[in-house]
Amino acid sequence: MRALAILLLLTACASPSPEMFGANRSQVTLQGIDFVVFHKDDRVEVVRMGYLTRAERAPVPGLMIRAAEQATGCRVRPSSVTTGLPGDTGEARMRIDCL
(Lines give C-alpha, C1' and ligand atoms only; values in the text may rest on other atoms or scores of the structure.)
Protein backbone atom coordinates (compact mmCIF):
# COMPACT_ATOMS: atom_id res chain seq x y z
CA MET A 1 0.00 0.00 0.00
CA ARG A 2 2.85 2.38 0.84
CA ALA A 3 4.50 1.72 -2.56
CA LEU A 4 1.23 2.55 -4.32
CA ALA A 5 0.95 5.84 -2.43
CA ILE A 6 4.51 6.77 -3.38
CA LEU A 7 3.87 5.86 -7.02
CA LEU A 8 0.73 8.02 -7.09
CA LEU A 9 2.63 10.96 -5.62
CA LEU A 10 5.40 10.62 -8.18
CA THR A 11 2.99 10.47 -11.12
CA ALA A 12 1.31 13.65 -9.89
CA CYS A 13 4.53 15.66 -10.10
CA ALA A 14 6.28 17.07 -13.13
CA SER A 15 9.67 18.67 -13.06
CA PRO A 16 11.77 19.84 -15.99
CA SER A 17 15.00 18.30 -17.16
CA PRO A 18 18.12 20.14 -15.93
CA GLU A 19 18.50 22.16 -19.16
CA MET A 20 14.95 23.47 -18.66
CA PHE A 21 15.46 24.72 -15.08
CA GLY A 22 14.09 28.25 -14.86
CA ALA A 23 11.65 27.65 -17.73
CA ASN A 24 8.11 29.01 -17.81
CA ARG A 25 5.63 26.33 -16.70
CA SER A 26 2.11 25.91 -18.10
CA GLN A 27 -0.59 23.28 -17.77
CA VAL A 28 -2.77 22.25 -20.72
CA THR A 29 -5.57 19.68 -20.92
CA LEU A 30 -6.44 18.25 -24.33
CA GLN A 31 -8.98 15.47 -24.90
CA GLY A 32 -9.02 14.81 -21.16
CA ILE A 33 -5.23 14.32 -20.95
CA ASP A 34 -3.20 16.69 -18.77
CA PHE A 35 0.16 18.01 -19.94
CA VAL A 36 2.76 20.18 -18.23
CA VAL A 37 4.70 22.37 -20.67
CA PHE A 38 8.09 23.91 -19.87
CA HIS A 39 9.14 26.71 -22.24
CA LYS A 40 12.57 28.32 -22.36
CA ASP A 41 13.84 30.35 -25.33
CA ASP A 42 13.07 28.29 -28.45
CA ARG A 43 12.86 25.00 -26.55
CA VAL A 44 9.85 23.22 -25.09
CA GLU A 45 9.52 20.14 -22.94
CA VAL A 46 6.09 18.51 -22.59
CA VAL A 47 5.30 15.99 -19.86
CA ARG A 48 2.11 13.90 -19.97
CA MET A 49 0.50 13.47 -16.58
CA GLY A 50 -1.31 10.38 -15.38
CA TYR A 51 -1.51 6.81 -16.57
CA LEU A 52 -2.78 5.74 -19.99
CA THR A 53 -3.17 2.24 -21.34
CA ARG A 54 -1.26 1.33 -24.49
CA ALA A 55 -4.43 1.78 -26.56
CA GLU A 56 -5.04 5.26 -25.09
CA ARG A 57 -1.53 6.50 -25.98
CA ALA A 58 -1.96 6.65 -29.78
CA PRO A 59 -3.05 10.32 -29.99
CA VAL A 60 -0.54 11.57 -27.40
CA PRO A 61 2.37 12.60 -29.71
CA GLY A 62 0.09 14.90 -31.71
CA LEU A 63 -1.51 16.23 -28.53
CA MET A 64 1.92 17.03 -27.11
CA ILE A 65 2.65 19.23 -30.13
CA ARG A 66 -0.72 20.94 -29.74
CA ALA A 67 -0.06 21.47 -26.01
CA ALA A 68 3.31 23.07 -26.75
CA GLU A 69 1.79 25.37 -29.35
CA GLN A 70 -1.15 26.30 -27.11
CA ALA A 71 1.06 27.03 -24.10
CA THR A 72 3.62 29.10 -26.02
CA GLY A 73 1.61 30.66 -28.83
CA CYS A 74 4.36 29.49 -31.19
CA ARG A 75 4.63 26.80 -33.88
CA VAL A 76 6.59 23.61 -33.29
CA ARG A 77 9.37 23.16 -35.84
CA PRO A 78 8.71 20.18 -38.10
CA SER A 79 10.93 17.19 -37.32
CA SER A 80 12.21 18.71 -34.06
CA VAL A 81 10.24 16.45 -31.72
CA THR A 82 12.38 14.01 -29.75
CA THR A 83 11.72 11.68 -26.83
CA GLY A 84 13.98 10.13 -24.25
CA LEU A 85 12.99 6.66 -25.44
CA PRO A 86 11.71 5.85 -28.93
CA GLY A 87 7.92 5.95 -28.91
CA ASP A 88 7.76 7.38 -25.38
CA THR A 89 4.48 9.22 -24.76
CA GLY A 90 5.46 10.41 -21.27
CA GLU A 91 7.71 13.27 -22.32
CA ALA A 92 8.85 15.02 -25.47
CA ARG A 93 11.21 17.85 -26.35
CA MET A 94 10.83 20.13 -29.31
CA ARG A 95 11.93 23.43 -30.82
CA ILE A 96 9.54 26.26 -31.62
CA ASP A 97 9.41 29.25 -33.94
CA CYS A 98 7.67 32.35 -32.63
CA LEU A 99 6.58 34.97 -35.11
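Mentor: Start with one rule: two strands count as paired when DSSP finds at least two bridges between them. Keep in mind that this is a predicted model. Now ask.

Trainee: How many bridges join β1 to β2?

Mentor: The general idea comes before the count. Strands of a sheet pair through backbone hydrogen bonds, in parallel or antiparallel fashion. Here β1 and β2 run antiparallel, and 7 bridges join them. V28 has F35 of β2 as its bridge partner. S26 stands opposite V37, also in β2.

Trainee: What is the strand order in the open sheet?

Mentor: The sheet has 5 strands, ordered β1-β2-β3-β5-β4, with antiparallel pairing. β1 and β4 are the edge strands, each pairing on one side only.

Trainee: Which pattern does the protein chain follow along the sequence?

Mentor: Read along the sequence, the pattern is α-β-β-β-α-β-β. That comes to 2 helices and 5 strands. Then take contacts with a separation of 6 or more. Residues 24 or more positions apart account for 48% of those.

Trainee: Where does α2 lie relative to the strands?

Mentor: α2 lies across β1, β2, β3, β4 and β5, and runs at about 50° to β2. At 1.5 Å a residue, the 13 residues of α2 (residues 60-72) should span 18 Å, and the end C-alpha atoms are 18 Å apart, which agrees.

Trainee: Which residues of α2 are buried?

Mentor: An α-helix has 3.6 residues a turn, so residues three or four places apart point the same way. In α2 the buried set is V60, L63, M64, A67, A68 and T72. These residues cover an arc of only 150° around the axis, which puts them on the same side of α2.

Trainee: What do the buried residues of α2 pack against?

Mentor: They pack against β1 (24-30), β2 (33-40), β3 (43-48), β4 (75-76) and β5 (91-97). Take H39 as a view from the strand side. H39 sits in strand β2. Leaving out residues up to four places away in sequence, H39 touches M20, A23, N24, V44, T72 and I96. One of these, T72, is also among the buried residues of α2.

Trainee: What follows α2?

Mentor: G73 follows α2, with a positive phi near 75°.

Trainee: Which residue in the hairpin of β1 and β2 takes a positive phi?

Mentor: That is Q31, with phi near 50°, in a hairpin with 2 residues between the strands. Q31 is not a glycine. At a relative accessible area of 60%, Q31 is exposed. D41 lies in the loop between β2 and β3. Its phi is near 55°, again a positive value in a residue other than glycine. D41 has 60% relative accessibility, so D41 counts as exposed.

Trainee: How many disulfides does the structure hold?

Mentor: A disulfide is a covalent bond between the sulfur atoms of two cysteines. This structure holds 1. It joins C74 to C98, with an S to S distance of 1.8 Å. The torsion about the S-S bond is about 95°, so the disulfide is right-handed.

Trainee: Which parts does the pair of C74 and C98 tie together?

Mentor: C74 lies in the loop between α2 and β4, while C98 lies in the segment after β5, so the pair links parts that are 24 residues apart in sequence.

Trainee: Is C74 buried or exposed?

Mentor: Apply the cut-off: buried means under 20% relative accessible area. C74 is at 6%, so C74 counts as buried. C98 is at 46%, so C98 counts as partly exposed.

Conventions: Residues are numbered from 1 along each chain as its sequence is written. This is a predicted model: local features need pLDDT of at least 70, side-chain atom pairs count only at pLDDT 80 or more; totals for chains, interfaces and linings use all residues. Side-chain values use heavy atoms; hydrogens and water are left out. Helices (H or I, at least four residues) and strands (E, at least two) are DSSP runs, numbered from the N terminus. The expected span of a helix is 1.5 Å times one less than its number of residues. Buried means under 20% relative accessible area, exposed over 50%, partly exposed in between (1.4 Å probe, protein chains only). The arc is that of the directions from the helix axis to the C-beta atoms. Contact means heavy atoms within 4.5 Å. A disulfide is a pair of cysteine sulfur atoms within 2.5 Å. Axes are lines fitted to C-alpha atoms, for helices over the stretch in contact, and angles run from 0 to 180 degrees between N-to-C directions.
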